[in-house]
Amino acid sequence: MPDSNDLEEQLLSEVSELMSREIHTVPADTSLREASRLMEKFNVGSLLVLEGGQYSGILTDTDLARKGLAKGVDPEKDRVKSLMSSPIITIDCQRLVEEARGLMKIVGIISLGDLIRYYAANFKMSE
């Protein structure tokens, strides 16, 4: 188990140490089927949504499952805009990981999986 100095240092890690700098986007009028294909192609759980040359939302694999498939959307006809989460909640990359965790509801560019891997690697329970 980490000592208190290690624990404090890990809790003070910046978002920039965890975040992915590779961002994938999708136009708002793209079909949900095509968006899911892009997620599979890039092995990501979210795509930033572009509309009018600006980011207007985010589509996550959770959006596809919970808002989409569970409610019977047509992946060929329905568009990304119909399921995306908006507005996008952002955080400065120099803010603390703990602050990002407090803001998260559903995955973003820093996903819940990223945070779980971080905590698992840095806060192992004694066996």
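Lysine 81 is partly exposed in this predicted model, with a relative accessible area of 46%. Its salt-bridge partner is glutamate 51, and the closest N and O atoms of the two are 2.8 Å apart. Lysine 81 lies in the loop between α3 and α4 (97-103) while glutamate 51 sits in strand β2, so the pair ties together parts that are 30 residues apart in sequence. Glutamate 51 is also partly exposed, at 32% relative accessibility.

How many salt bridges does a search of the whole structure find? The search finds seven.

| Salt bridge | N to O distance |
|---|---|
| Lysine 81 – glutamate 51 | 2.8 Å |
| Arginine 101 – glutamate 98 | 3.1 Å |
| Arginine 117 – aspartate 114 | 2.5 Å |

Let us turn to the pairs within helices. Arginine 101 and glutamate 98 are three residues apart in helix α4, which puts about one helical turn between them. Arginine 101 counts as partly exposed at 44% relative accessibility, and glutamate 98 counts as partly exposed at 27%.

Helix α5 (residues 112-122) holds aspartate 114. Arginine 117 is three residues away from aspartate 114 in α5, again a separation of about one helical turn. Is aspartate 114 buried or exposed? With a relative accessible area of 18%, aspartate 114 falls under the 20% cut-off and is therefore buried. Arginine 117, by contrast, is exposed, with a relative accessible area of 53%. The side chains of these two residues are also joined by a polar contact of 2.5 Å.

Next comes helix α2 (residues 32-42), whose buried residues are Leu32, Ala35, Leu38 and Met39. Seen down the axis of α2, these buried residues fall within an arc of 115°, so they line one face of the helix. What do the buried residues of α2 pack against? Their neighbours are the strands β1 (25-27), β2 (46-51) and β3, together with helix α3 (61-68). On the other side of α2, Glu40 and Lys41 are exposed. Just after the helix, asparagine 43 takes a positive phi of about 55°.

Finally, have a look at the surface. Ile23, Leu50 and Tyr55 form a nonpolar patch there, with about 270 Å² of accessible area together. Tyrosine 55 belongs to strand β3 (residues 54-60), and this tyrosine is partly exposed, with a relative accessible area of 48%.

Methods:
Residues numbered from 1 in each chain as written. Predicted model: local features only at pLDDT ≥ 70, side-chain atom pairs only at ≥ 80, totals over all residues. Heavy atoms only, no water. Patch = residues over 30% accessible without salt bridge, like charges linked within 9 Å, V, L, I, M, F, W, Y side chains within 5 Å. Areas by Shrake-Rupley, 256 points an atom, 1.4 Å probe, with all protein chains shown as cover. Salt bridge = Lys/Arg side-chain N within 4 Å of Asp/Glu carboxyl O. Helix = DSSP H or I, 4+ residues; strand = E, 2+ residues; numbered from the N terminus. Buried < 20%, exposed > 50% of the residue type's maximum accessible area, 1.4 Å probe, protein only. Polar contact = N/O pair within 3.5 Å; in protein donor to acceptor, adjacent residues only side chain to side chain. Arc of directions from axis to C-beta. Contact = heavy atoms within 4.5 Å.
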